[in-house]
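Biologist: I have a chain open here and would like to go through it with you. Can you put the model up?

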Amino acid sequence: MEWLRSAACAGEDPELFFPVGSTGPALRDLAAPKRVCARCRVTPQSLGFALDSGPTSGVRGGTGEDERAALLRRTTDDSRRRNSTP
């Protein structure tokens with residue numbers, strides 16, 4: 001996980017990446033950490049780590065909790081389709 005040293009979030013307040021909630025006013029709170037991720041050169045590694053290892057809370061790899069859950073569902077559904085094709 002050497003990529004962590006290059007992450008734009010390394011110098012940020014960790015609380016920024018853990019907004020309370022994911023709807024209503026919390027959507028504004030999600031925008032700030034996503035802006036940090038948008039300027040980060042290791043966002044793909046961060047997202048991959050979050051998807052592979054399962055940290056479910058907070059903003060990781062430029063995505064919120066709901067977005068990662070949707071990505072995981074889509075990946076699982078795609079995998080099931082591929083495995084059930086004769």
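Biologist: What does the accessible surface of the protein come to, and what share belongs to carbon and sulfur atoms?
Modeller: This is a predicted model. Its accessible surface comes to about 6,000 Å², and 53% of that belongs to carbon and sulfur atoms.

Biologist: How many of the residues count as buried, as a percentage?
Modeller: The protein has 86 residues, and 27% of them count as buried.

Biologist: How many helices and strands are there?
Modeller: Three helices and zero strands. Read from the N terminus, the order of elements is α-α-α.

Biologist: And what share of the contacts join residues at least 24 apart?
Modeller: If you take contacts between residues at least 6 apart in sequence, 45% join residues at least 24 apart.

Biologist: Let's do α1. How does its end-to-end distance fit with its 13 residues?
Modeller: It agrees with expectation, because 13 residues at 1.5 Å a residue should span 18 Å, and the end C-alpha atoms of α1 are 19 Å apart.

Biologist: Which residues of α1 are buried?
Modeller: A26, L30, P33, V36 and C37.

Biologist: Why would residues three or four places apart point the same way?
Modeller: An α-helix has 3.6 residues a turn, so residues at that spacing point the same way.

Biologist: What do the buried residues of α1 pack against?
Modeller: They pack against α2.

Biologist: Is E15 buried or exposed?
Modeller: Exposed, because its relative accessibility is 59% and the cut-off for exposed is over 50%.

Biologist: Changing topic: pockets. What volume does the largest pocket have?
Modeller: About 330 Å³.

Biologist: How many residues line it, and which lie nearest its centre?
Modeller: The lining of the largest pocket has 21 residues, and L4, C9, S46, V59 and R60 lie nearest the centre. The elements giving two or more residues to that lining are α1, residues 26-38, and α2, residues 43-53.

Biologist: Which gives the most?
Modeller: α2, with four residues.

Biologist: How does the lining divide into nonpolar, polar and charged?
Modeller: There are 15 nonpolar residues, four polar and two charged.

Biologist: Back to S46. Where is it, and what does it touch?
Modeller: S46 is in helix α2. Leaving out residues up to four places away in sequence, S46 touches W3, R60 and G61.

Biologist: Is S46 buried or exposed?
Modeller: S46 is buried, because its relative accessible area is 19% and the cut-off is under 20%.

Biologist: What about Q45, where is that?
Modeller: Also in helix α2. Q45 counts as partly exposed, with 35% relative accessibility.

Biologist: How far is Q45 from W3?
Modeller: C-alpha to C-alpha, Q45 and W3 are 7.3 Å apart in space, and they are 42 residues apart in sequence.

Biologist: Last one, A69. Which helix is it in?
Modeller: A69 is in α3, which covers residues 65-84. Its relative accessible area is 31%, so A69 is partly exposed.

Biologist: And how far is A69 from T56?
Modeller: Their C-alpha atoms are separated by 8.1 Å, and the two residues are 13 apart along the chain.

Conventions:
Residues are numbered from 1 along each chain as its sequence is written. This is a predicted model: local features need pLDDT of at least 70, side-chain atom pairs count only at pLDDT 80 or more; totals for chains, interfaces and linings use all residues. Side-chain values use heavy atoms; hydrogens and water are left out. On a 1 Å grid over the protein atoms alone, a cavity is a set of points where a 1.4 Å probe fits but cannot get out, and a pocket is an open set with protein on both sides within 12 Å along at least five of seven lines; lining residues have an atom within 4 Å of a point. Grid points are joined across faces, edges and corners, and a volume is the space filled by probe spheres set on the points. Ala, Val, Leu, Ile, Met, Phe, Trp, Tyr, Cys and Pro count as nonpolar, Asp, Glu, Lys and Arg as charged, and the others, Gly among them, as polar. Buried means under 20% relative accessible area, exposed over 50%, partly exposed in between (1.4 Å probe, protein chains only). Contact means heavy atoms within 4.5 Å. The expected span of a helix is 1.5 Å times one less than its number of residues. Accessible areas come from the Shrake-Rupley method with a 1.4 Å probe; for residues, only the protein chains shown count as cover.
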